[in-house]
Amino acid sequence: MPQHPHAALLGAGAAVLDDSALHRLTADLGAPVRVAVTGRAGAGRGMVRRALRGAGALLADPGEPSDVDVYVFVETLTSDDVALLAGVDRPTVAVLNKADLTCFRGAGPVAVAAARCQELQRRTGVPTRPLAALLAVAASRDTAGQRSLIDALRTVGANPARLAPGMRHRLLAELDLFGTAIAAAAVGRGADTPALAALLHQASGISAVLEEIDRAAAPIRYRRLIGALARLADAAVGPRGAGVAEFLAGDAVALARMAAALDVVGAAATTVDPVGAAATTVDPAGAAATTVDPVGGCATHLRRAVRWRHYAQGPVSALHRRCGTDISRGALRLWLQAGGVVEAMP
Amino acid sequence: MSEHRGVILVIGPALSGATSVANALRQRRGGCRVVECLGPGERPAAVVFVVSAAAPMTQSQIALLDAAAASTDAVVAAVAKIDVHRGWPQVLEENRALAASPALSWVGVAADPHIGPSKLEPLIAALDSALARDRRSPRNQLLPNKSHAQSRIRDRERAVAFRELRVARVQLTGQARATCASMRADLRRDAAGLSRRGVDEFCSGVRRRSARAVAELDATLSRLVDDLDIAGIDIPWIDTPGIDGAPESCPALETYLPRFGRVRADRVTALLSAGFGLGVALTFGRLLADLAPDWTAAITAASLLAGIGLSGWVIRARGLAAERAALDRWVTEVTAGLRTAMEERVVMQVLAAETAMAAEATAGRNASCRIRPGDDRP
């Protein structure tokens, strides 16, 4: 995301809120999602932790409550893993680690691991992604480390026999077999340090894991937004309360709530079925429905508002009911902005 | 066990590489039948437990290893895919520490390697030595599987015995009820046609029949207990006090029979009977005196005699009817008491059997828990 996701909301808030309230709102909305790494012993939880930290995720300290859990396993989910995953009460992302060692035949290890993850996700209902934590850690290494690595990789490509034993061990420890193979091939084609880091980053699958964590955290962000706005309601009764009340009832807040709610229902839809449920079950207005799209037609916005109103009245959880209401309200604001006219019932 | 020689079971969790190991073993050991799934009733000569080198075993995989080791005498555990997982020696050591039996031999294999040559020799060597050891001393020294199997058989026997007990309880209670019902019907019929002289004999007959019914029930119960004893469960015989001899369970006859209760002559009956006799005597006397006025004195005497006789007969008949009614009540009471006593006896005995079985089951489980750690070492 290029800028603060709630930039419009904060911009509107800056006009009416005092400094401390604005500061608190910014802090509430910008608070990062804390990730805890759990999982099977020996599956590389430490390496996954390093990979996530290297990729910019905020890891919860031991003993600190986390927002999203990452469950690390290898090869496939054993019955112990399935039992643990069935009992989680936090948003959880399952990660198939050591994906670079899955299979060296056919489509390659990462593709095989991705297919396996899809099957496991279908079985458990928990979003599951492959990850080669070792490669992700290697990709986030500093430039000096990369440069000596590139020298060793050149030797591997040119004449493997001349590789010093210490270097060979280092390559195996830092890249392992698959990583060494693809990195040596890339270096042979003339890749430099950033290109190598990009290749390892792409091969590791860490970005898909981060996306999945982001998606799993959508309900948390939505709740944070609702909570922050609820705290602001206290300020709406003071001497300067009229401006705050107007801000809370304004378009910026409605659209911010709509965006957060769309994240929540979009995440739920992709959790159930990553292929097509998002478009068929909750989204009558096409792909644009899971984003706040102010350029839709007047009729589109109205249809969307009605549709989400029905969704909120359907058999859904309390969270989704609130989300449906928020989306419907936001769509009605967009409809008004697009020139919709409120008519009295005949 | 010679008929089983040659069946090698290769078993392992999903995606552990068990199929590759089975295929490789099949090629390398043509003489043996290598299977991944046993047929019904089949028993393997050896089990190869395959687990991936990607990570140490989980609890469910340890349970699978235990289950595999319990069914056979020779077990070899293999860590597969050592061609790609460089950390396999550590995984192997951790698995060795996790497994219940320290005597289990662990080897690393690469049965269908993606990189480098296949590595199967350690597995084959370990398998051979396991089979040889098994032939030398055909007793599993790895796990207490014998006692395990025995305890499983005992569990099954116990479950069957519990079920039999429940069935027996229902049957015996029903039988007691039916016996008492038929006995009551018989005795009431007898009591209705009883003569005065037969009362004593009838009473002792009732006692005899009750005693016989109780004896029959006892015989059935002891047969049941004997059956359970054969199944290896020691069941004490409960002597329910008060119903060994049926007569004790009979209510005292005196409470129902006026004759045995130092008969107070029923004065009303006597009065009415006397009145009836007097009336008959007067009526007949008058009638006959009118017909034959000459014989008045003789007729008066005869009528009086007949009246007195008639009074006596009515008193006796009335007494007999009362006695029969009392006997009828008594018989009902006796059979009801007998039924209660018999049912109580059945319930007590079955309860004693169940208690004994439960105690035995608890003792057996404790014993097997105690055995487990000690039996691990050869």
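User: In strand 3 of chain A, which residue is the bridge partner of Gly39(A)?

Analyst: This is a predicted model, in which local features need pLDDT of at least 70, side-chain atom pairs count only at pLDDT 80 or more, and totals for chains, interfaces and linings use all residues. Residues are numbered from 1 along each chain as its sequence is written, while chains are lettered from A and ligands numbered from 1 in the order in which they are written. Strand 1 (residues 34–39) and strand 3 (residues 68–74) of chain A pair in the parallel sense over 5 bridges, where pairing requires that DSSP finds at least two bridges between two strands. In strand 3 of chain A, the bridge partner of Gly39(A) is Val72(A).

User: What is the order of the 5 strands in the open sheet of chain A?

Analyst: Helices (H or I, at least four residues) and strands (E, at least two) are DSSP runs, numbered from the N terminus, and chain A has 17 helices and 5 strands. The pairing in this open sheet of chain A is parallel, and its order is 2-1-3-4-5.

User: What angle does the direction of helix 11 of chain A make with that of strand 4 of chain A?

Analyst: Angles run from 0 to 180 degrees between N-to-C directions, with axes fitted as lines to C-alpha atoms, for helices over the stretch in contact, and two residues are in contact if their C-beta atoms, placed from the backbone, lie within 7 Å. Helix 5 (residues 109–124) of chain A lies across strand 4 (92–97) and strand 5 of chain A, at about 170° to strand 5 of chain A. Helix 11 (residues 206–216) of chain A packs on the sheet and touches strand 1, strand 3, strand 4 and strand 5 of chain A, its direction making with that of strand 4 of chain A an angle of about 165°.

User: Is helix 16 of chain A roughly parallel or antiparallel to helix 17 of chain A?

Analyst: Helix 16 (residues 298–313) and helix 17 (residues 318–337) of chain A pack at an angle of about 160°, with their axes 8 Å apart. Angles under 35 degrees count as roughly parallel, over 145 as roughly antiparallel, 65 to 115 as roughly perpendicular and the rest as oblique. Helix 16 of chain A is therefore, relative to helix 17 of chain A, roughly antiparallel.

User: What share of the residues of chain B count as buried?

Analyst: A residue is buried if 20 or more other C-beta atoms, placed from the backbone, lie within 10 Å of its own, exposed if 12 or fewer do, and partly exposed in between. By this criterion 40% of the 346 residues of chain A count as buried. For the 378 residues of chain B, the share that counts as buried is 31%.

User: Which helix of chain B gives the most to the side that touches chain A?

Analyst: The contact takes 18 residues from chain B and 16 residues from chain A. Helix 2 (59–70) and helix 3 (88–98) of chain B each supply at least two residues of the side of chain B that touches chain A. With 3 residues, the element that gives the most to this side is helix 2 of chain B.

User: Which residue in strand 3 of chain B stands opposite Ile11(B)?

Analyst: Strand 1 (residues 7–11) and strand 3 (residues 46–52) of chain B pair in the parallel sense over 4 bridges. In strand 3 of chain B, the residue opposite Ile11(B) is Phe49(B).
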